[in-house]
Amino acid sequence: MGLVGVREAAGRLGVSPRRVRQMIADRRLPARRVGRAWAIDEHAIKPSARRPAHRPWKPASAWAVLAAVDSGQAPPQMPAHERHRARERAAEGLYAVAGRLSERAERRCFYAHPADLVRILEDPGAVRAGPSAAADHGIDLVGTGPEEAYVSESALARIVAACHIEERSERPNLVLRVVADADWPFPQGAEVVPPVVAAVDLLESDDERARRAAEQILDGR
């Protein structure tokens, strides 16, 4: 019988190591202790154990779930039944629902002149995200890719008009996650996203260090 560790099982299932440990605790994944580590029968790691594919939630719904994960409460302006649904979804855990939050913003890649890059990140309409927010949440994450921030559609139009910035997919130094003005979730004056939003940003990264940083943020909550 072949045995694999938690991290190997997580890679095969497309989930986080934390999620694998939860599956073991829920007896959904057979495993046994070998010293201090879990050993999992590789034959038990089947495609059926993966999270089912679902359509992403609309931006307003995605932000309501993130608010509920962060504070336990959905936005008060939402109808009562939608707030209840957001809390139910949040109760599943961030790892379980992260794949359905992808449409919370439109991810756009840019190259900005270095001087303008600093100006953009300090703009009152930009809220630092992903790797650019890691240090604010006590995570040392350097050199994992472009700077990132959330901006509203109107803030993006203003930034493009005022700065030397070129939209391009090859070798960008800036990722802007653009949110419709009507769905903008951050309070006035916010400079950095909350920990749960930073974690979701990092979980979407192709960089293994960024995904580990997301786990650090969530484990520290």
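**Helix contacts, aromatic rings and buried residues**

Q: Which residues in H3 meet H9?
A: In H3 they are Trp63, Leu66, Val69 and Asp70, and they meet Pro195, Val196, Val197 and Val200 in H9, where contact means heavy atoms within 4.5 Å. Helices (H or I, at least four residues) and strands (E, at least two) are DSSP runs, numbered from the N terminus.

Q: Before going on, what kind of model is this?
A: This is a predicted model in which local features need pLDDT of at least 70 and side-chain atom pairs count only at pLDDT 80 or more, while totals for chains, interfaces and linings use all residues. Residues are numbered from 1 along each chain as its sequence is written, and side-chain values use heavy atoms, with hydrogens and water left out.

Q: Back to H3 and H9: what classes of residue make the contact?
A: The contact of H3 with H9 has seven nonpolar residues, no polar ones and one charged one. Here Ala, Val, Leu, Ile, Met, Phe, Trp, Tyr, Cys and Pro count as nonpolar, Asp, Glu, Lys and Arg as charged, and the others, Gly among them, as polar.

Q: At what angle do the axes of H3 and H9 cross?
A: The axes of H3 (residues 59–71) and H9 (residues 195–203) cross at roughly 125 degrees and come within 9 Å, and H3 and H9 are therefore oblique to each other. Axes are lines fitted to C-alpha atoms, for helices over the stretch in contact, with angles running from 0 to 180 degrees between N-to-C directions; under 35 degrees counts as roughly parallel, over 145 as roughly antiparallel, 65 to 115 as roughly perpendicular, and the rest as oblique.

Q: And how do H1 and H2 cross?
A: Helix H1 (residues 6–13) and helix H2 (residues 17–25) have axes that come within 8 Å and cross at roughly 100 degrees, which makes H1 roughly perpendicular to H2. On the H1 side the contact is made by Val6, Arg7, Ala9, Ala10 and Leu13, and on the H2 side by Pro17, Val20, Arg21 and Met23. These residues divide into seven nonpolar, no polar and two charged.

Q: New topic: how many aromatic pairs are there?
A: There are four aromatic pairs, counting rings of Phe, Tyr and Trp (its six-membered ring) whose centres lie within 6.5 Å, with planes under 30 degrees apart called stacked, over 60 edge-to-face and the rest tilted. In one of them, tryptophan 63 and tyrosine 150 have ring centres 5.5 Å apart and planes at 70 degrees, so the pair is edge-to-face. This pair links distant parts of the chain, because tryptophan 63 is in helix H3 and tyrosine 150 in strand S6 (residues 147–152), 87 residues apart.

Q: Why is the pair of tyrosine 150 and phenylalanine 186 called tilted?
A: The planes of tyrosine 150 and phenylalanine 186 lie at 55 degrees, with centres 5.5 Å apart, so that pair is tilted. Phenylalanine 186 lies in the loop between strand S8 (174–179) and H9, so the pair ties together parts 36 residues apart in sequence. Trp63, Tyr150, Trp184 and Phe186 form one aromatic cluster.

Q: Are tyrosine 150 and phenylalanine 186 buried or exposed?
A: Both tyrosine 150 and phenylalanine 186 are buried, meaning under 20% relative accessible area, whereas exposed is over 50% and partly exposed in between (1.4 Å probe, protein chains only).

Q: What is aspartate 201 in contact with?
A: Leaving aside neighbours within four places in sequence, aspartate 201 is in contact with Arg104, Ala129, Gly130, Glu148, Tyr150, Arg177 and Val193. Aspartate 201 has its place in helix H9 and counts as buried at 3% relative accessibility.

Q: Where does arginine 177 lie?
A: Arginine 177 lies in strand S8, and with a relative accessible area of 5% it is buried. Beyond its neighbours within four places in sequence, its contacts include Glu148, Tyr150, Asp201 and Glu204.

Q: And arginine 171, is it buried or exposed?
A: At 75% relative accessibility, arginine 171 counts as exposed. It has a positive phi of about 50 degrees although it is not a glycine.

Q: Last one: how many disulfides are there?
A: The structure holds zero disulfides, a disulfide being a pair of cysteine sulfur atoms within 2.5 Å. The sulfur of cysteine 163 is 17 Å from the closest cysteine sulfur, in cysteine 109, which is too far for a bond.
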